[in-house]
Amino acid sequence: MSVLDDANSIITGDREQTYGKPEVNLRRIADQWSCYLNQKYQQQNMLSVEDVCWMMVLLKMSRQMNSYTDDNLIDAIGYIALIEKTKNA
């Protein structure tokens, strides 16, 4: 099985069962992060679902710079795939 297959399996299987529909979960994260940033910096900004996906990719990239793991690749691919899957969320 390739990292692409693994990523697809994760975003359509176990993680969706555990965390719910990605568009709902990612929207919640975007809302929470927006609230935090707005309160901290006294600015009104609303993060999008796509913003959350890209920031999670950046997190995985940062971890990958320290130590190579397939998990980082799989998760980064999964977050990029979720951008397409959750368009208009």
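Modeller: Let us start with a tool for helix packing: axes are lines fitted to C-alpha atoms, for helices over the stretch in contact, and angles run from 0 to 180 degrees between N-to-C directions. The helices themselves (H or I, at least four residues), like strands (E, at least two), are DSSP runs numbered from the N terminus. This is a predicted model, in which local features need pLDDT of at least 70 and side-chain atom pairs count only at pLDDT 80 or more, while totals for chains, interfaces and linings use all residues. Residues are numbered from 1 along each chain as its sequence is written, and side-chain values use heavy atoms, leaving out hydrogens and water.

Colleague: How much of the protein chain counts as buried?

Modeller: Buried means under 20% relative accessible area, exposed over 50%, and partly exposed in between (1.4 Å probe, protein chains only). Here 28% of the 89 residues count as buried.

Colleague: And what share of contacts joins residues at least 24 apart?

Modeller: A contact means heavy atoms within 4.5 Å. Among contacts between residues at least 6 apart in sequence, 50% join residues at least 24 apart.

Colleague: Now for the axes. At what angle do α1 and α5 pack?

Modeller: Helix α1 (residues 3-12) meets α5 at an angle of about 60°, and their axes are 8 Å apart. That makes α1 oblique to α5. The cut-offs are simple: angles under 35 degrees count as roughly parallel, over 145 as roughly antiparallel, 65 to 115 as roughly perpendicular, and the rest as oblique. The crossing of α1 and α5 is right-handed. On handedness, a crossing is left-handed if the near helix is turned anticlockwise from the far one by less than a right angle, and right-handed if clockwise.

Colleague: Which residues of α1 and α5 make the contact?

Modeller: From α1 they include Val-3, Leu-4, Ile-10 and Ile-11, and from α5 they include Ile-74, Ile-77, Gly-78 and Lys-85. By class, the contact of α1 with α5 has nine nonpolar, two polar and four charged residues. The classes work like this: Ala, Val, Leu, Ile, Met, Phe, Trp, Tyr, Cys and Pro count as nonpolar, Asp, Glu, Lys and Arg as charged, and the others, Gly among them, as polar.

Colleague: How do the axes of α4 and α5 cross?

Modeller: Helix α4 (residues 49-66) crosses α5 at roughly 165°, and the axes come within 9 Å. That makes α4 roughly antiparallel to α5. This crossing is left-handed. Among the residues in contact are Trp-54, Val-57 and Lys-60 of α4, with Leu-73, Ala-76 and Tyr-79 of α5. They divide into ten nonpolar, two polar and five charged.

Colleague: Is Lys-60 buried or exposed?

Modeller: Lys-60, in helix α4, is buried, with a relative accessible area of 6%. Leaving aside neighbours within four places in sequence, Lys-60 is in contact with Asp-71, Asn-72, Asp-75 and Ala-76. Leu-59, also found in helix α4, is partly exposed at 33%.

Colleague: At what angle do α3 and α4 cross?

Modeller: Their axes cross at roughly 85° and come within 8 Å, so α3 and α4 are roughly perpendicular to each other. The contact includes Leu-26, Ala-30 and Trp-33 of α3, and Val-49, Val-52 and Met-56 of α4. By class, this contact has nine nonpolar, no polar and two charged residues.

Colleague: What is the phi of Gln-42?

Modeller: Most residues other than glycine have a negative phi. Gln-42 has a positive phi of about 55° although it is not a glycine. Gln-42 lies in the loop between α3 (22-41) and α4, and counts as exposed at 68% relative accessibility.

Colleague: One last stop: where is Thr-86 found?

Modeller: Thr-86 sits in the segment after α5 (70-85) and counts as buried at 5% relative accessibility. Not counting residues up to four places away in sequence, Thr-86 touches Pro-22, Glu-23, Leu-26 and Val-49. The side chain of Thr-86 also reaches the backbone oxygen of Leu-82 at 2.6 Å.

Methods: A polar contact is a pair of N or O atoms within 3.5 Å; within protein, one must be able to donate a hydrogen and the other to accept it, and residues adjacent in sequence count only if both atoms are side-chain atoms.
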